[in-house]
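User: I am new to this structure and would like to know what lies behind the terms used for it. Please take me through them one at a time.

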Amino acid sequence: MYENLGKYVKMRRLDMGLSLREFGKLCDMSHTHIDSIEKGDDFRSGKSVNLTGTTVAKLAAALGMSERDLITVSSDATSDVTPVTDAQ
(Lines give C-alpha, C1' and ligand atoms only; values in the text may rest on other atoms or scores of the structure.)
Protein backbone atom coordinates (compact mmCIF):
# COMPACT_ATOMS: atom_id res chain seq x y z
CA MET A 1 0.00 0.00 0.00
CA TYR A 2 2.71 2.49 0.93
CA GLU A 3 4.40 2.10 -2.46
CA ASN A 4 1.22 3.21 -4.22
CA LEU A 5 0.72 5.98 -1.68
CA GLY A 6 4.23 7.24 -2.37
CA LYS A 7 3.68 7.21 -6.12
CA TYR A 8 0.40 9.05 -5.68
CA VAL A 9 1.96 11.66 -3.39
CA LYS A 10 4.77 12.26 -5.87
CA MET A 11 2.33 12.58 -8.78
CA ARG A 12 0.21 15.11 -6.86
CA ARG A 13 3.27 17.03 -5.60
CA LEU A 14 4.58 17.39 -9.14
CA ASP A 15 1.11 18.39 -10.39
CA MET A 16 1.16 21.11 -7.72
CA GLY A 17 4.54 22.28 -9.06
CA LEU A 18 6.26 21.80 -5.71
CA SER A 19 9.79 20.67 -4.96
CA LEU A 20 10.46 18.14 -2.21
CA ARG A 21 11.52 20.98 0.09
CA GLU A 22 8.43 23.09 -0.66
CA PHE A 23 6.08 20.15 -0.16
CA GLY A 24 7.94 19.16 3.00
CA LYS A 25 7.34 22.63 4.44
CA LEU A 26 3.67 22.39 3.49
CA CYS A 27 3.45 19.04 5.31
CA ASP A 28 5.67 20.08 8.22
CA MET A 29 8.05 17.19 7.39
CA SER A 30 11.59 17.04 6.14
CA HIS A 31 12.18 16.80 2.40
CA THR A 32 14.17 13.60 3.01
CA HIS A 33 11.16 12.02 4.70
CA ILE A 34 8.93 13.03 1.77
CA ASP A 35 11.50 11.51 -0.60
CA SER A 36 11.49 8.26 1.38
CA ILE A 37 7.68 8.16 1.34
CA GLU A 38 7.60 8.70 -2.42
CA LYS A 39 10.19 5.99 -3.04
CA GLY A 40 8.73 3.60 -0.44
CA ASP A 41 12.13 2.96 1.13
CA ASP A 42 14.16 4.78 3.75
CA PHE A 43 17.46 5.53 2.02
CA ARG A 44 19.34 5.38 5.32
CA SER A 45 18.19 1.93 6.39
CA GLY A 46 17.04 0.47 3.07
CA LYS A 47 13.87 -0.72 4.81
CA SER A 48 10.32 -0.07 3.69
CA VAL A 49 8.73 3.11 4.98
CA ASN A 50 6.04 2.66 7.62
CA LEU A 51 3.69 5.60 7.91
CA THR A 52 1.97 6.74 11.06
CA GLY A 53 -1.55 8.12 11.17
CA THR A 54 -0.08 11.56 11.83
CA THR A 55 2.04 11.36 8.68
CA VAL A 56 -0.94 10.30 6.57
CA ALA A 57 -2.97 13.16 8.06
CA LYS A 58 -0.26 15.71 7.19
CA LEU A 59 0.06 14.39 3.64
CA ALA A 60 -3.70 14.41 3.12
CA ALA A 61 -4.03 17.96 4.45
CA ALA A 62 -1.25 19.21 2.18
CA LEU A 63 -2.95 17.54 -0.79
CA GLY A 64 -6.34 19.01 0.14
CA MET A 65 -8.06 15.69 0.61
CA SER A 66 -9.30 13.49 3.41
CA GLU A 67 -7.13 10.79 4.93
CA ARG A 68 -9.70 8.25 3.81
CA ASP A 69 -9.52 9.41 0.19
CA LEU A 70 -5.72 9.34 0.26
CA ILE A 71 -5.72 5.78 1.58
CA THR A 72 -8.44 4.68 -0.85
CA VAL A 73 -6.82 6.15 -3.93
CA SER A 74 -3.37 4.89 -3.05
CA SER A 75 -4.41 1.41 -1.92
CA ASP A 76 -5.83 0.47 -5.29
CA ALA A 77 -3.69 1.44 -8.26
CA THR A 78 -6.60 0.71 -10.58
CA SER A 79 -9.07 2.69 -8.51
CA ASP A 80 -11.61 4.85 -10.32
CA VAL A 81 -12.05 6.95 -7.19
CA THR A 82 -11.65 10.66 -7.78
CA PRO A 83 -10.48 12.27 -4.58
CA VAL A 84 -12.47 15.20 -3.30
CA THR A 85 -10.21 18.20 -2.82
CA ASP A 86 -10.85 21.51 -1.14
CA ALA A 87 -10.83 23.19 -4.56
CA GLN A 88 -13.83 21.16 -5.81
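Analyst: A helix here is a DSSP run of H or I with at least four residues, and helices are numbered from the N terminus. On that basis, T55 has its place in helix α4. The model is a predicted one.

User: How do you know whether S36 is buried or exposed?

Analyst: The relative accessibility of S36 is 3%. The limit for buried is under 20%, so S36 counts as buried. S36 is placed in helix α3, which covers residues 31-39. Apart from neighbours within four places in sequence, S36 is in contact with D41, D42, F43 and V49.

User: What makes a set of residues a nonpolar core, and how many residues has the largest one?

Analyst: The residues must be buried, of kinds including Leu, Ile, Phe and Cys, and joined through side-chain atoms within 4.5 Å. The largest such core has 18 residues, and L5, F23, C27, I37, L59, L63 and L70 are those with the most contacts inside it. Two or more residues come from each of α1, α2, α3, α4 and α5. The most come from α4, which gives five.

User: Which residues does L59 touch, not counting those up to four places away in sequence?

Analyst: L59 touches L5, V9, F23, C27, M29, I34, I37 and L70.

User: Which residues of α2 are buried, and why are they said to be on the same side?

Analyst: F23, G24 and C27 are the buried residues in α2. They cover an arc of only 105° around the axis, and therefore lie on the same side of α2. The face turned away from that buried side carries the exposed residues R21, K25 and L26.

User: What is the phi of D28?

Analyst: The phi of D28 is positive, about 60°, although D28 is not a glycine. Most residues other than glycine have a negative phi.

Terms used
Residues numbered from 1 in each chain as written. Predicted model: local features only at pLDDT ≥ 70, side-chain atom pairs only at ≥ 80, totals over all residues. Heavy atoms only, no water. Buried < 20%, exposed > 50% of the residue type's maximum accessible area, 1.4 Å probe, protein only. Contact = heavy atoms within 4.5 Å. Arc of directions from axis to C-beta.
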